[in-house]
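Reader: Could you walk me through this model, please?

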Amino acid sequence: MEGECEVCGRPVRRLVQVTIEGSVVKACFSCSKLGTRVPMHKPRPRGTRGFRRKAHFKKPEIVLEPIPGYGDLLRERREELGLTQEELGKRINEKTSVVARLEAERMTPSEALAKKIERHLGIRILEVVEEQKEGSYRPSGGELTLGDVVKIKRKR
Ligand SMILES: [Zn+2]
């Protein structure tokens, strides 16, 4: 055990846990003679517990996706606020054409863009969906064949 002697303050390679006048201290070898040695494995007094390793939980795989009809929602809200597509574009720092494409749902906003829109317009256009697990993908028409699996893998 390495550290500083709690009695004389010297950095030492080996510390000895001792009881001096009722309190448990870690001391260097010479200071340890002042007290009574206690075994290191004895539990330390309350409140001085070492940090425990946090339990590691795997987060469920979720993704945010624009809700169906987000384009209409966006347009309605924009009109409510009395903004033109151009004005809204300026507000969210996007081109007018981006706003137009979003309203027509000809463009799927990235999560960041959607969140920006939500913030500026005070609407929700994202919903939480569970991520498709890998391997649950099936081409239309039934079971995967080994050939399909190979094709899918090559695509990546
Ligand atoms: Zn010492």
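Reader: How accessible is Cys31, buried or exposed?
Author: Happy to start there, with a note that this is a predicted model, where local features need pLDDT of at least 70, side-chain atom pairs count only at pLDDT 80 or more, and totals for chains, interfaces and linings use all residues. Residues are numbered from 1 along each chain as its sequence is written, and side-chain values use heavy atoms, leaving out hydrogens and water. Buried means under 20% relative accessible area, exposed over 50%, and partly exposed in between, with a 1.4 Å probe and protein chains only. Cys31 has 9% relative accessibility, so Cys31 is buried.

Reader: Which arrangement do the four donor atoms form around the zinc ion?
Author: The SG atoms of Cys5, Cys8, Cys28 and Cys31 coordinate the zinc ion at 2.2 to 2.4 Å. Donors here are N, O and S atoms within 2.8 Å of the metal (3.2 Å for Na, K and Ca); water is not among the atoms, so sites may look incomplete. Four donors count as tetrahedral if all angles lie between 85 and 135 degrees. The angles at this zinc ion are 100 to 119°, so the arrangement is tetrahedral.

Reader: And what spacing do these donors follow along the chain?
Author: The donors are Cys5, Cys8, Cys28 and Cys31. Along the chain, the spacing is C-x2-C-x19-C-x2-C.

Conventions
Tetrahedral: all angles 85-135°; square planar, octahedral: opposite > 155°, others 65-115°.
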